[in-house]
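This short report is for a reader meeting the structure for the first time.

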Amino acid sequence: MNIQTQVQLKPFNTLNLNAVASHYVKIQSVDALLEALDYAEQQQLNVLILSGGSNMLLPEQLHALVLHMDIQGTEHIAEDELTQTVRVGAGQPWHDFVLWTTAQGLFGLQNLALIPGLVGASPVQNIGAYGVEAGEFIDAVHVYDRYEKAFARIVAADCHFSYRHSIFKDDPNRYIITHVSFRLLKNADLKLNYGDLKAAVADEQTAENLQNQVIHIRQSKLPDPKQYPNVGSFFKNPVISQSEFDQIAQQFPNLPHYPQANQQVKIAAGWLIDQAGWKGKKLGMVGMFHKQALVLVNYDNAALHHVRAAYHAVQQDVFNKFHIALEPEPVLFDENGLLRPHQD
Ligand code: EPU
């Protein structure tokens, strides 16, 4: 086990925040994971799980053992007439895995092409795009349960997947995801309902073309983290009651909205931020992207406090205009590697 000290995590988080970890180790097997957890216990260090770093906000100094998940491998584990199930190491890059499924003639994940991050993070916030969520195709999540001190397989129904949420977000200290199993379709079933995806795919209704169109749409709107460090959508799209929506819609009839179950309505945070004047606007080194106001960008060498000042200002301006509280998507860590609330 190669535990390193004072490791700069800037290259390992897509917002490129300066964050130095007191202890760091790369995890490439389940045995290495157990060894590292023993070490953390002996040294009385908190453990922070680092995956692709595309949904986290890190402090400048981190006193914790960072476990950088890098378990690889893809295996076919089951098959029936309609589906094939594959088990994938948590450290596989998500986009490479999606491309691989398409090349194998397996359907379901094409709408999720080009999402940054690694496979192991996909269940945590139930990543989603263009009308599909990863949870729809997850068969089970393979974890180390730190409370029970045992490996476990959690079937999808027990993961409680919902919009950008799962049990893994509720209790972040309990489970360490080592592998994810996906049950994918052997026959094409393309999901073309979102926005202008159907028009983009046009007559060539193949999984390859759907995947290419999604890649194209994302590239045209969303900044490449290598050029403009970011964590994707910075805020969730608020879900409000129908009556609340009716009230806002009187004043703002153009507000993009999507009816949900239970008399609720999801509204577009990007539109709210745009209308509040933040599209392309910066506060110091941090700003909201000029082509998609929902994406916060680190334009220079920002640290966490710069990012927090900027997103608090956005939240304030949106609240003043619409009386809606925006909730950040990425998780925020304190100096001991523990989750902390965004509002304090
Ligand atoms: N809009 C504006 N101005 C903007 C941005 C958006 O007016 O600056 C309007 C758009 O015109 C559209 C609506 O807001 O009418 C929604 O925009 P878009 O279709 O681009 O999607 P989004 O709601 O901004 C969500 C997800 C994305 C996902 C896309 C496509 C959330 C928080 N975000 O974005 O997910 O890729 O839909 O499905 O649910 C992510 O979570 O990191 C992410 C990128």
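D274 is partly exposed, with a relative accessible area of 28%, where buried means under 20% relative accessible area, exposed over 50%, and partly exposed in between (1.4 Å probe, protein chains only). Its side chain meets that of K279 in a salt bridge (3.5 Å, N to O), and K279 is itself partly exposed at 37%. A salt bridge here is a side-chain nitrogen of Lys or Arg within 4 Å of a carboxyl oxygen of Asp or Glu.

The model is a predicted one, in which local features need pLDDT of at least 70 and side-chain atom pairs count only at pLDDT 80 or more, while totals for chains, interfaces and linings use all residues. Residues are numbered from 1 along each chain as its sequence is written, and side-chain values use heavy atoms, with hydrogens and water left out.

The structure holds 11 salt bridges, including those in the table.

| Salt bridge | Distance, N to O |
|---|---|
| D274 and K279 | 3.5 Å |
| K236 and E327 | 3.1 Å |
| R174 and E148 | 4.0 Å |

K236 is buried at 12% relative accessible area, whereas E327 is partly exposed at 46%.

R174 and E148 also belong to a network of salt bridges that includes D145, and E148 is exposed at 54% relative accessibility.
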